[in-house]
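Hello,

Please take a look at the structure below. My notes follow it.

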Amino acid sequence: MATDPSNARCVCLVTIHGIGFEQRPTPDVPMSGYADMLHARLSAALNGGDAPPLLSDDPRTQRPRRDAASGHAGPVYVESSWPVDTDNREAGLKRLGVWSGQLEARLAGRAAVSEEARLAEPGLPIAHVALVYSHLQDEGPRVVAAVETLARAAISLGNYEPAFDAIHMAIADTAAALEPPPAHEAEAIPPSLRVRGDVRHRLPRLGKRPAPIPEIEPPPSARSGDILLQLQDDVATYICHNDLRERVRGFVRDALLRLIYREDVAGLVINAHSQGTVVAFDVLSQLSPFEARKIWWLVTMGSPLRKYVDLFNWEREIGALRQIGLRGASGRNAASQRVLPLRWTNYWDPRDPVADPLRPATRKGQPPATFTDDETLYRWVDPASGAISPIAIEDRQVDNVTHSFGSLRAHNYWDNQLQVIEPLAARLRAIVRDRLRVGERQP
């Protein structure tokens, strides 16, 4: 399938979260999917006012609309397997299109996109796709993995923060996590940050039989304790279990490739939150340069990527991410290396126990005003010359505790309308205007 942007009509926002937070929509229950609240807030920013609407709901949804006049039926949900308790990945991914023919056809960029795979409603240039990892047989408490992860982190703690600073940071993060919500807090929609209720926490490793499957699955949990435990489980399983990690990467990679090779998709904006930022980085950095050129912006929120690099020796080479381009002029550091300011924006809250700035090297410092960092977290190695270029990421510090709601507010970025949603909507609006020439003022 051709990838000429001039023949495409929509920009696709792809949302990726941690495995334990990707709640699929429940039939006949409005606002039950994990990205529904995010979609509703973006819709208010992109479809309200006097300007023409830009953000599409899922054009094929059978879910009830929260408000029939303004939409909010939610994004396009794509699951890694369908039906959920099977290994049928193709049935889950065909919502994004079907590869036509064998491997040679795929390499030539040919794929079939039917009416059933339509992503956006007519006249709306922004589609929203939310990925759901739904093969959950291996989900459950990972005690051994958690202990192993903590041991590995303790050994490398000095690479991340000095011991005293790390203890102070942990105390401050714990205080923020336990801070109760304001008494006057009231929202028309549920909080975005919730542990998925459809995860069947079976215990095959701790008993002879798995736990029985409930007839009615419990709703998602927004309790701080459940969120913290799920965050720990997501990290431990991703680091210590190659099988789960590769299945997640494979699903996300296939989903992105189907979108990249669609003729009706001009480009992608990747919106990753929490553990989803690690999955997104791992997949995007391994794309081919040709494929990565269709990624127009990477947005990470509440990202533990610095912890992965400093504590677990995760990859620092950005690979194909270099192809997403520069958001401004490059500069030179003290070693005369060219510093590349990629189109990568990272939102972080200092009281978020998961998040870090991705420049400079420590959590306490303030990012420099120019792109002349002497030391950066990531780098790009030119395959032709071998020259190393440090990568300057745009860090945006936010205050979710003040501007968000629900439990563990410091990690709840999608409900921060002022500091997260509005800037994200403005960026999407600018991309549609500059890339698709939609919404430009006529002379």
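**Strand β5 and its neighbours**

Strand β1 (residues 10–16) pairs with β5 in the parallel sense, over five bridges. Two strands pair here if DSSP finds at least two bridges between them. Helices (H or I, at least four residues) and strands (E, at least two) are DSSP runs, numbered from the N terminus.

Before going further, please note that this is a predicted model: local features need pLDDT of at least 70, side-chain atom pairs count only at pLDDT 80 or more, and totals for chains, interfaces and linings use all residues. Residues are numbered from 1 along each chain as its sequence is written, and side-chain values use heavy atoms, with hydrogens and water left out.

Back to β5. The bridge partner of Cys12 in this strand is Ala127. Strand β2 (residues 76–79) also runs parallel to β5, and four bridges join the two. There, Glu79 has Val132 of β5 as its bridge partner.

How many residues of strand β5 are buried? Seven of the seven, across residues 126–132, so the strand is largely enclosed by the rest of the structure. Buried means under 20% relative accessible area, exposed means over 50%, and partly exposed lies in between (1.4 Å probe, protein chains only). In a regular strand the side chains alternate between the two faces of the sheet. In β5, Ile126, His128, Ala130 and Val132 point one way. Ala127, Val129 and Leu131 point the other way. All of these are buried.

**Cysteines**

A disulfide is a pair of cysteine sulfur atoms within 2.5 Å. By this rule the count is zero. Cys10 is in no disulfide; its nearest cysteine sulfur, that of Cys12, is 6.1 Å away. Cys12 is likewise in no disulfide, with the sulfur of Cys10 as the nearest, at 6.1 Å. Are these two residues buried or exposed? Cys10 counts as buried because its relative accessibility is 1%. Cys12 counts as buried too, at 0% relative accessibility.

**Salt bridges**

Side chains of opposite charge can pair when their charged atoms come close. A salt bridge is a side-chain nitrogen of Lys or Arg within 4 Å of a carboxyl oxygen of Asp or Glu. That rule gives 14 salt bridges.

Arg41 forms one with Asp415; the closest N and O atoms are 2.9 Å apart. Arg41 lies in helix α1 (residues 36–47), and Asp415 in the loop between α12 (400–403) and α13 (417–436), so the pair ties together parts that are 374 residues apart in sequence. Arg41 counts as buried, at 10% relative accessibility. Asp415 counts as buried as well, at 3%.

Arg351 forms a salt bridge with Asp399, with the closest N and O atoms 3.2 Å apart. This pair also links distant parts of the chain, 48 residues apart. Arg351 is in the loop between β9 (338–348) and β10 (378–381). Asp399 is in the loop between β11 (388–397) and α12. Arg351 counts as partly exposed, at 31% relative accessibility. Asp399 is partly exposed at 24%.

Asp434 and Arg433 meet through their side chains in a salt bridge, at 3.0 Å from N to O. Asp434 is partly exposed, at 42% relative accessibility. Arg433 is partly exposed with a relative accessible area of 36%. Finally, salt bridges that share partners join Glu90, Asp254 and Arg258 into one network.

Best wishes
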